[in-house]
Amino acid sequence: MAEANVMEKIVSLCKRRGFVYPASEIYGGINGFWDYGPLGSLLKNNIRDSWWRTMVEAPPIGPDGHPIEMVGVDTSIIQHPQTWVASGHASGFADPMVDDRETKQRYRPDHLSVIYAWDVEPESGDETQAKYLFAYVEGDDASYRKALKKAQKEAKKTGAKVIENPPRLRLTHPEFDGYWEFIYAPDAEHPGTLTEPRQFNLMLGSEVGAVDPVKVYLRPETAQGIFLNFKNIIDTTRVKIPFGVAQIGKSFRNEVTPRNFIFRSREFEQMEMEFFCHPDESRMWYDFWTAERMRWWQSIGVKKENLRLREHEKDELSHYSKMTVDIEYKYPFTAPDFGELEGIAHRGDYDLTQHQKHSGNRLDYFDQELQLKLKAEGKSDEEVKAKSRYIPNVIEPASGLTRAVLLLLCEAYAEDATRPSPVYLKFDPKMAPIKVGIFPLVNKEGMPEIAEKLYMDLRQKFMCEYDPKQSIGKRYARMDEIGTPYCMTIDGQTLTDQTVTIRERDTLKQERVSLDKISGYLSERLSR
Ligand code: GAP
């Protein structure tokens, strides 16, 4: 319960300080859509820039000791409608959905768990059979408490026994077949009001063209724009297999139940990279990228113990995937359990093969280096010909940029009643929206002039905020609450020795640094 409260506090801090607002709030909001405020967009851009730099501008060193080849693209949100037929999204990109006939609410049954009320043998007290099942939305504390209350009421009335923590079975589990009439939906007064699960396609549609408009879809993943341009990239750049193509951009999904703040929204941003490689090397690259991505999350300030890897079971793999491992994070609403942050999928040759088939264009790759190697090994002409042309395999690390914003907010959130602000955000300094707060101690004796000059110098290189108002304690508190790692105060001593007080957010330590050394001081700390 404490953890759920943390989530409420994070949401409220985000609103109060301008990280994230509900979209269209003045019209009552629109479910599943969020706007990023001044601080939220800075934080999002910092994550985006770090990912882009690590993937495209300075990609990791590969197993052969050389930097990996990588290029970036920015493709259209709307593509030819055939794209989604070929990719399998038109037919296969669906989530199960159930409706509650009583409350008219809609749920994903794979997100509903239950509390059981069991019949018991009067003599022995042994459990005989599940009498009623009280569904609640996983990760929603209020929903859990409501289900527990209903189960306890039922137990009191009929002598049933409440089982709070049965093995975690989602309502899509076959165990519930034949039990639907005994299930209470999360907000329902009566049992048996849920409809049977049915599949619901997640793609959001639109129309293009004034005359005879064509039905189109807003992309549900950025990946397909990369596959459609595979040939263009091979023909217009110097990349050779193995290489990656990276992209950051908006994706849209008509999620059945958008929830947990910006964790699952209907409009969101993804950071995806498709790594094209020879099929024989695909497993090696799958492992390489899994390790690399774990390393990156830690490099932006996520603690190792809050991350874990989880291989997908066969029955949860996406329609295109041969194998997938999720990087999961311990969110406040999943703790002590973990929830998805990023998926690293082995997409095999699925996408290029499908687009080749549906477009009629060849999307195979001629591997000249392999051809030369096979020739040198004395392989027959036929074997060389057959093996040096192939459809590459794809390893795809795919993460959510907006989900990463949530992750960093959760990771940074800290409470300490003894500080000027009892709540503060411990962002890694590189990721913090504002890097430096600059304050004159008082608005006289030449202090504002020195502070303004410092601000004018530093703002060229670092995101700074100049704040001459209120008491120094209040200014520190405000900066702590938005996660600013360094505050600089120009005080009486500055007038005599040209030094300023620099206060470090996490340790609260203060040190004096000369005005002419401040830029170097910050550069060193913000590039670590
Ligand atoms: N191209 C593969 C792909 O899209 P995915 O697991 O469906 O795979 C990748 O999505 C990542 O995108 C997820 O791990 C998550 O971080 C993010 N994501 C997916 N759906 C989201 C949603 N509705 N809201 C926010 N982020 C989402």
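I take helices and strands as DSSP runs, numbered from the N terminus. The model I am reading is predicted.

I started with Pro-336. I find Pro-336 in the loop between β16 (323-329) and β17. The peptide bond joining Ala-335 to Pro-336 is cis, with omega about 5°.

The bond between Ile-241 and Pro-242 is cis, and omega is about 5°. Pro-242 sits in the loop between α7 (230-236) and β13 (243-252).

Next I checked Ser-24. Ser-24 is not a glycine, yet its phi is positive, about 55°. I place Ser-24 in the loop between β1 (20-22) and β2 (34-36). I flagged these spots because most residues other than glycine have a negative phi, and most peptide bonds are trans.

**Entry: ligand site**

Which residues come nearest to the ligand? I list Glu-221, Glu-255, Glu-272, Glu-340 and Leu-341, out of 21 residues around it.

A side-chain polar atom of Glu-221 is 2.5 Å from a ligand nitrogen. For Glu-255, a polar side-chain atom lies 2.7 Å from a nitrogen atom of the ligand. For Glu-272, a side-chain N or O atom is 2.4 Å from a nitrogen atom of the ligand.

I looked at burial next. The ligand alone exposes 550 Å², and the protein buries 91% of that.

Then I asked which elements give two or more residues to the shell. They are β14 (267-277), β17 (339-348) and β20 (393-400). β17 gives the largest share, 5 residues. By class, I note 10 charged, 6 nonpolar and 5 polar residues in the shell.

**Entry: an open sheet**

I moved on to a sheet of 5 strands. The sheet is open, its order is β24-β23-β25-β26-β27, and the pairing is mixed.

β25 (residues 486-490) and β26 (residues 499-504) run antiparallel over 4 bridges. Cys-487 has Arg-503 in β26 as its bridge partner.

Two helices pack on this sheet. Helix α13 (residues 447-458) touches β23 (436-440), β24 and β25, and its direction makes about 160° with that of β23. Helix α14 (residues 472-481) touches β23, β24, β25, β26 and β27. I read about 170° between the directions of α14 and β23.

Key
Residues are numbered from 1 along each chain as its sequence is written. This is a predicted model: local features need pLDDT of at least 70, side-chain atom pairs count only at pLDDT 80 or more; totals for chains, interfaces and linings use all residues. Side-chain values use heavy atoms; hydrogens and water are left out. Two strands pair if DSSP finds at least two bridges between them. Contact means heavy atoms within 4.5 Å. Axes are lines fitted to C-alpha atoms, for helices over the stretch in contact, and angles run from 0 to 180 degrees between N-to-C directions. A residue is near a molecule or strand if one of its heavy atoms lies within 4 Å of it. A polar contact is a pair of N or O atoms within 3.5 Å; within protein, one must be able to donate a hydrogen and the other to accept it, and residues adjacent in sequence count only if both atoms are side-chain atoms. Accessible areas come from the Shrake-Rupley method with a 1.4 Å probe; for residues, only the protein chains shown count as cover. Ala, Val, Leu, Ile, Met, Phe, Trp, Tyr, Cys and Pro count as nonpolar, Asp, Glu, Lys and Arg as charged, and the others, Gly among them, as polar.
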